[in-house]
Amino acid sequence: MNRILALIERDLRKFFRSPALMMVSMVFPLVQLVVLGYAFGGKIKNLKVGVVNQDHGLQTVKLREMFGAIAANAQTFTTVNYNDPKQAIHDLRNGRINAVINIPPNFSRDTLEQAAPKIALIEDNTDNFVASALMASLTQLVQDFNQPSVQPRVPGQVTLSVVELYPYVPYIQYLLAGSVALAIFVSAMIGGGIIYIDDKARGIHEGYLVTPITKFELIMGFTLSGALKAILAGLVLSTLGALLAGIPHPVDPVRIIRLFVVVVVTSLALISMMFLLMVRVSDPLVPRATFGVLNTLLFFPSGAVYPVNAFPPWMKVIARVDPFTYAVHAFKALFLKNTGFGAIAGDLLFLSVFTVIMMGAATLLFRRTL
Amino acid sequence: MAAIEVENLTKRFNGFTAVDALTFQVEEGEIFGLLGPNGAGKSTLIRMLTTLIPPTEGVALVNGFDVIRQPNQVRRCIGVIPQAMTSDLELTAVENMNIFAKLYGVPRERRARIVKELLEAVQLEKWADHPVKNLSGGMRRRLEIARGLVHEPKMFFLDEPTTGLDPTSRIAVWEMLMELKKRRDLTILLTTHYMDEADKLCDHIAIVDHGKLVALDSPMKLKASIPAASFLEVSFSTIPEGWTEILKQLPDAASVVEHDHIFRIASHNGPRTTIELVEAARRAGIVVSSLAVQSTTLDNVFTHYTGRQLRDELQEGKYDISFMYQRGGRS
């Protein structure tokens, strides 16, 4: 036990004397949380839409009032008037405006006669996000336009009443679970990958191997010291991230205890995976070269930034075996729903079994000699 | 009982034989030197003796323990200083030593005393609480030596302990090793490239080449075993036809080797051969551009047994040149 503690002591002393290392382990995921959270989380606003009105009838006045209401409230778009449709299309192609609404001649007459009136939305579909936002906004506008002025006393159409179980979740809160898992992964990658191989290459491990330390003590020492740093990063990110993202009741002690359990289990899973990947590696370039690939392969298919249900089948297979998926699911349950252990038991079980398998394989492959 | 007994020890890597059936003994309390060029198998041998790699064949007993069957007993009684400096730069000298004391299972009550004693022995007590990154190369090497002794081993293995150190630091390390050996009753096995180091420190020297033992004896006996007392290195303004044959006829000349227009003459009587050499050059009408005479060193022994010189040593001017004569012409 003393030998395991000696390895942990050495590693932690080095870690706490290297502010740059601590910053990289914790600040990178925090920066990613803030930047990605706000970059993807906001509503699209202030688009410019050209309006070519070829009708000028009474119904177009109603339409214009509705455009004005959107510009004043949701601020999704403002309108720019065009007399010449060709000029409007030219400006759309050159990026001066984001879309063109064409109100054809006789629109008002067709509307009153209920003769299939139409308006056209010509959009720049190279930007799917902008196109979707405009489409959604104008679809709603057209629906509202079609509503009769006087509502029937008892509506005959089916309406959908939506009940939200939880308060509104901004994207930064949705992303927080992934950022905490990422912080743990970065620590595991640095501690269990880069530093482990650098120490091996520098001959530090040779120094350990000539002492009477056992294979079990060495593996436990390497794993626990790496896991402790990952746990630290996970806890810092959970706390700071929750405050930054505006998670309700961020210091709820019961949730903090549950978070601690998930952080510990996730750290052990990721560090043991890293240990298995690096157990026979001796080239210091290898962990650095695999860092980006592993990050992409584990982080994005996990559902951290986008729901797994949207993935193609092959990516769903990755998600199913990816420890990130289960960590992210557990963190989301705790951050966004404040659930109990019942909702995350499956995640904890997967991560624990994963740790045992990874450690078992790494122990088999680990050599007590050079 | 010998401190180290090695019999037919062999190590093969994918068909390449790095250590080839070595057999030798190291007596208790002596400093035993392993000499050999790069790739001779010195480090492989040390790694087998310190349980870092398993031998392919043969037997090695360290302090009576078999390196294959009783590796943990071997590890408890040896201290090892590898070639690379492996102390943690961010930790202090004391912290580095404490970590290793814990790895060796030194009890807490003995730890502080031993660390203090060893830091004093290597004259680093003032630097005990400084991060290792602030120490010079020589100080770091001394710290590593102290670190290797933190569990009070009976045997000490040092792989090229002074490589990369300046001459002052090398001498400091030599003195320290002699003192530690005397005070702590250590048996030391070291590998080195430096012949003067082996000459100064070692009671016995084994010369290894291509994984084989080519010579083993005390430095004095090894020097006496080669057929020359002195060596002359000489160059000339021009080299006449058949000049090598003329040099071979010089009185007491044992052998003449020419390399890159420099003649290396082994002589049983250095002064007499030198005088005759200058006279022969005068008679041939050529000028002696440079001349160096040296008594037999371990370099000569090494060259004699391995058939090659450590060229990097020559470039660094580490030869014990007792007399140098230069006059005009090429230098």
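Predicted model: local features only at pLDDT ≥ 70, side-chain atom pairs only at ≥ 80, totals over all residues.
Two helices of chain A, α7 (residues 171-202) and α11 (residues 285-299), have axes that come within 10 Å and cross at roughly 160 degrees. Because angles over 145 degrees count as roughly antiparallel, α7(A) is described as roughly antiparallel to α11(A). The crossing of the two helices is right-handed. On the side of α7(A), the contact involves Gly178(A), Leu182(A), Phe185(A), Met189(A), Gly193(A), Ile194(A) and Ile197(A). Their counterparts in α11(A) are Val286(A), Pro287(A), Arg288(A), Phe291(A), Leu298(A) and Phe299(A). By residue class, this contact comprises ten nonpolar, two polar and one charged.

Chain A also contains an open sheet of four strands, arranged in the order β2-β1-β3-β4 with mixed pairing. The edge positions are held by β2 (77-82) and β4 (120-123) of chain A; each has a single partner strand, so one side of each has no neighbour in the sheet. From one strand to the next, the twist averages 25 degrees. Within the sheet, β1 (residues 47-53) and β3 (residues 99-103) of chain A are paired in the parallel sense over five bridges. In this pairing, Val49(A) lies opposite Ala99(A) of β3(A). The sheet is packed against by helix α6 (residues 128-146) of chain A, which touches β1, β2, β3 and β4 of chain A. The direction of α6(A) makes about 165 degrees with that of β4(A).

In chain B, an antiparallel pairing over six bridges joins strand β12 (residues 253-259) to strand β13 (residues 262-267). Ser255(B) has Ala266(B) in β13(B) as its bridge partner. The two strands, β12(B) and β13(B), form a hairpin with two residues between them. One residue in the turn, Asp260(B), has a positive phi of about 55 degrees. In general, strands of a sheet pair through backbone hydrogen bonds, in either a parallel or an antiparallel manner. The parallel case is represented here by β1(A) with β3(A), and the antiparallel case by β12(B) with β13(B).

Key:
Residues numbered from 1 in each chain as written. Chains lettered and ligands numbered in written order. Axes fitted to C-alpha atoms, helices over the stretch in contact; angles between N-to-C directions. Parallel < 35°, antiparallel > 145°, perpendicular 65-115°, else oblique. Left-handed = near helix turned anticlockwise from the far one by under 90°. Contact = placed C-beta atoms within 7 Å. Nonpolar A, V, L, I, M, F, W, Y, C, P; charged D, E, K, R; others polar. Pairing = 2+ DSSP bridges.
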